[in-house]
Amino acid sequence: MKFHLDEQRLEQVCGGAIPQEEQMGEVILDDPRNDGHPLLMPYRPGGERADMPLINFYWDFFGPGKVCYMPVIYPAMSRMVEVIRHNGGIPILAHIGANVKQDHTHVIDEMLKIGVMGVEVFSSYHSPELASQLYEFTVGRSAFVTCGSDFHGRNKPKIEVGQCAYGPQHIGEIRRFVAAASA
């Protein structure tokens, strides 16, 4: 990509932890040697990806199918569900709209079969139409309904903590999850 990346600065930003993609983006975008790089212009003030430059950098360069993407091999979903449940947790499918582009209900059905117990219906990744579809489907399957803003601090400056687009008609189902999680 011909980006300049100051590895010492990256280490400082990470505080000794394993670097995350957004941190790499931060260091690359802050490095004056990259100021005129054409691939970075959309993330600069006024650019079309400048509204949330760090998370957009992640999606555009490190997301699935992108140039810096590295596949990760995860344990089988059934194993993850087993570990979560064994430890007293409730396995919930998070923001399906960010990760699955079609056949949402089919994917949810398959995950419910292996022990996933709910769906994050209300998310900053979901349109009102998708949230409505997910809500009806999830309630119809007696699965838990949850909500999450997917707040990530300065990586997603347009998203506030607790910013979820549910209405008063949805609170009962959300509270059903909260009660189960608190038990």
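Q: How many residues does helix 8 (residues 171-182) have, and what distance does helix 8 reach from its first C-alpha to its last?
A: In this predicted model, the span of helix 8 can be set against the 16 Å expected at 1.5 Å a residue. Helix 8 comes close to that expectation, for it has 12 residues and reaches, from its first C-alpha to its last, 16 Å.

Q: Which residues of helix 6 are buried, and what arc do they cover around the axis?
A: The buried residues of helix 6 are His104, Ile108 and Met111. What covers them includes helix 4 (77-86), strand 1, helix 5, strand 2 and helix 7. They are on the same side of helix 6, because the arc that they cover around the axis is only 65°.

Q: Which residue with a positive phi follows helix 6, and what is its phi near?
A: Helix 6 is followed by a glycine with a positive phi. This residue is Gly115, and its phi is near 115°.

Q: Where is Asp103, and is Asp103 buried or exposed?
A: Asp103 has a phi near 55°, which is a positive value in a residue other than glycine. The place of Asp103 is in the loop between helix 5 (96-99) and helix 6 (104-113). Because its relative accessibility is 52%, Asp103 counts as exposed.

Q: Where is Ser142, and what is its relative accessible area?
A: Although Ser142 is not a glycine, it has a positive phi of about 60°. Ser142 is placed in the loop between helix 7 (128-140) and strand 3 (144-148). Ser142 is exposed, with a relative accessible area of 59%.

Q: At what angle do helix 2 (residues 21-30) and helix 3 (residues 53-62) pack, and how far apart are their axes?
A: Two packed helices are described by the angle between their axes and the distance between the axes. Angles of 65 to 115 degrees count as roughly perpendicular, and helix 2 and helix 3 are therefore roughly perpendicular to each other. The angle is about 110°, and the axes are apart by 8 Å.

Q: How do the residues of the contact of helix 2 with helix 3 divide into nonpolar, polar and charged?
A: Helix 2 contributes Glu21, Glu22, Met24, Gly25, Glu26, Ile28 and Leu29 to the contact, and helix 3 contributes Pro53, Leu54, Ile55, Phe57, Tyr58 and Phe62. These residues divide into nine nonpolar, one polar and three charged.

Q: How far apart in space are Gln169 and Tyr74, C-alpha to C-alpha?
A: Gln169 lies in the loop between strand 3 and helix 8, and at 57% relative accessibility Gln169 counts as exposed. In sequence, Gln169 and Tyr74 are 95 residues apart, and in space their C-alpha to C-alpha distance is 36 Å.

How values were computed:
Residues numbered from 1 in each chain as written. Predicted model: local features only at pLDDT ≥ 70, side-chain atom pairs only at ≥ 80, totals over all residues. Heavy atoms only, no water. Axes fitted to C-alpha atoms, helices over the stretch in contact; angles between N-to-C directions. Helix = DSSP H or I, 4+ residues; strand = E, 2+ residues; numbered from the N terminus. Parallel < 35°, antiparallel > 145°, perpendicular 65-115°, else oblique. Contact = heavy atoms within 4.5 Å. Nonpolar A, V, L, I, M, F, W, Y, C, P; charged D, E, K, R; others polar. Buried < 20%, exposed > 50% of the residue type's maximum accessible area, 1.4 Å probe, protein only. Expected span 1.5 Å × (residues − 1). Arc of directions from axis to C-beta.
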